[in-house]
Amino acid sequence: MNTKLKRIIAAVIFLLVSAAVVIFALEKVSKGKIDGFSSKATALIKAEYGIDTKISGLDFSLFPPRISVKKVLFSHSGNELAVIEKCSLENIEEMLFQEEKKLDVKCAETMIHADRVLKSPIPDKRAKSGDKKNEKAARPDISIRLTTDTEFVFGTITQNFTTDLTISRSGGKALFKEPGKDKGGTAEIMFSLKEKNASVRFDGMDLKKLREIIKNKTSFDISQGKISAFSEISAENGKIFTKNDVSVEDITFFQPLIDSQPFALPLFRFKGDVTFDKNEKSAGTKETVLSIGGINATLSAYYSKNSKEFSIKTESAKLNKLETLIHDEAFEGYLFGGTLELLAEYSQEGGEQPVFSVVGNLVEPKQLSERMDYLKLPFEYIWTNEDGSTRKIFVGERNPYFTPISLIPDHLIWAVVVSEDAGFFVHKGVDFQELDAAVKDNIKKHKLRGGSTIPQQLAKNLFLNRDKTLLRKFREVLLAIELDETLSKERLLEIYFNIIEWAPGIFGISQAAYYYFGKQPYQLTPLESAYLASVIPGPAKYHYMFLSKNVTENWYKSLYRILSIMNETGHLSTDDYFEALQQSIVFREIEEDH
């Protein structure tokens, strides 16, 4: 067989492998697993054809097990040289990375235009003497084009593309199109072998078709969305640098830390740089510009195997527009004025409990609807337990256990305010300073600290479920702002004291005062009030003290701290403060119940 014909056949097989390499280069870059081609194969190709295919930092360890190619067109300078049809490539990973090189290439039909091959400028072999520099400059930059319908198989997942690939000594270009003349999206990859960089462009690619691939490699389950994007990629010293502008339209996804239900966005845009570190197996971005459903924000994030954290900061965002992003049944009829500058932060170390919080600045909040006016009047509250069981509590005088705010002693009110929400009478539903302190404490001590105001606790109890997700926290913040603007501070406290759980199955301050001390609320002492305030964060967790009839020394110190703050702020006289310090907690005896 003519030497050129042999070279053409060898080159075609090489191109089939190269096509697979190019197609998956972007995915490998995004995963930070770029390592390098087989040096022997690279050296051989360069020696034979003068084509330098070396790209530092490439590792295709997650290569697909099989690629099927329906048709390969091999051409030079616009002339068709060969056609190979119905080919399949298997054992690609073994070929590139194992000691024993093995690549199975099976093609059903092959046609070679011998006359065109013989006239083509592809050299029989490299010159072995003379001026190397001039010889290199004289060689034509041979380009090879491959056009084919390609089927990629990822386990049980099959994805089809029409592929147009051009490779030369200096670089190459690959164009992939989804089936369908009008609806199919396209992807384009351009790469420079010399500069070791690439650019990638997506135009209307359907993310739903890549759902299982994305789900397997990330924690996002994307059921809908079309992506258009441009990305520049480069590699240096084990790091991958990308400059990105990505837009996704009509995306629906599920991520359990974000929301307990699939979350839909009309538009998402990401514009910024992302760095992947292969050695540390990490990825990060700083001050990236986001547009989330029309809300502009900046993102900083870092991800590694043992550490995850991100922060999102919005510009002045209208509360009405923020609500449209996180809307659920709790917001029916929502119409609210004002803007919010918002900072959301999340962090998790190893397998510890994730912590997140929201801080910001609220400007001119204003209720524009009447949807919460029913809370100004007696109403029925339905409490739902973690096991799904419910309990109805009527907030009004029809309930014999209802206690109006006028019958709750001031020292009890202030004990609860000091303990749960020190800024209650001055903030507008959300205490951003307390939230900021809470998130810093969370990150420093790796302990979950709430930072929720009394309106936030009411919003959670009245309208939301118990899910610990980022969007539930957002909803809690917006509803707390709305509650604070709609109701007076006194009415907020009145509802709060009458619906919260003070001990397992004990709701409302009237039942709590009797359950713990056998008293009416107005009969409680400052020390007893401080104790009731101290158990609000964990009525079941702290119930052991009542059952054992023993308050620990450390717990007394917490009670004294509450009383001290009340005294320092003028809400407990000095005489009453010192009298309380001499007293002890005396619980009601359980045997009194019949």
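Which residues is E482 in contact with, leaving aside its neighbours within four places in sequence? In this predicted model, the partners of E482 are Y334, F336, Q367, S369, R371 and M372. E482 itself belongs to helix α11, which spans residues 470–486. With a relative accessibility of 0%, E482 counts as buried, because the cut-off for that class is under 20%.

Side chains of opposite charge can pair when their charged atoms come close. The count for the model comes to twelve salt bridges, and R475 takes part in a pairing with D259, where the closest N and O atoms are 3.1 Å apart.

D328 lies in the loop between α7 (319–325) and β16 (336–349) while R475 lies in helix α11, so the pair ties together parts that are 147 residues apart in sequence. Both R475 and D328 are buried. Taken together, D259, D328 and R475 are linked in a network of salt bridges.

A further salt bridge joins the side chains of R269 and D245, at 2.7 Å from N to O. R269 is found in strand β11 (residues 263–277) and D245 in strand β10, so this pair ties together parts that are 24 residues apart in sequence. R269 is partly exposed, with a relative accessible area of 35%, and D245 is likewise partly exposed, at 24%.

Strand β10 (residues 239–254) also contains D250, a residue that has a positive phi of about 50 degrees although it is not a glycine. D250 counts as partly exposed at 43% relative accessibility. E364, in strand β17 (residues 355–367), again has a positive phi of about 50 degrees without being a glycine. At 64% relative accessibility, E364 counts as exposed.

Finally, G184 is placed in the loop between β6 (171–177) and β7 (186–192). G184 is buried, with a relative accessible area of 15%. Not counting residues up to four places away in sequence, G184 touches K177, E178 and P179. The C-alpha atoms of G184 and D203 are separated by 9.2 Å, the two residues being 19 residues apart along the chain.

Methods. Residues numbered from 1 in each chain as written. Predicted model: local features only at pLDDT ≥ 70, side-chain atom pairs only at ≥ 80, totals over all residues. Heavy atoms only, no water. Helix = DSSP H or I, 4+ residues; strand = E, 2+ residues; numbered from the N terminus. Buried < 20%, exposed > 50% of the residue type's maximum accessible area, 1.4 Å probe, protein only. Contact = heavy atoms within 4.5 Å. Salt bridge = Lys/Arg side-chain N within 4 Å of Asp/Glu carboxyl O.
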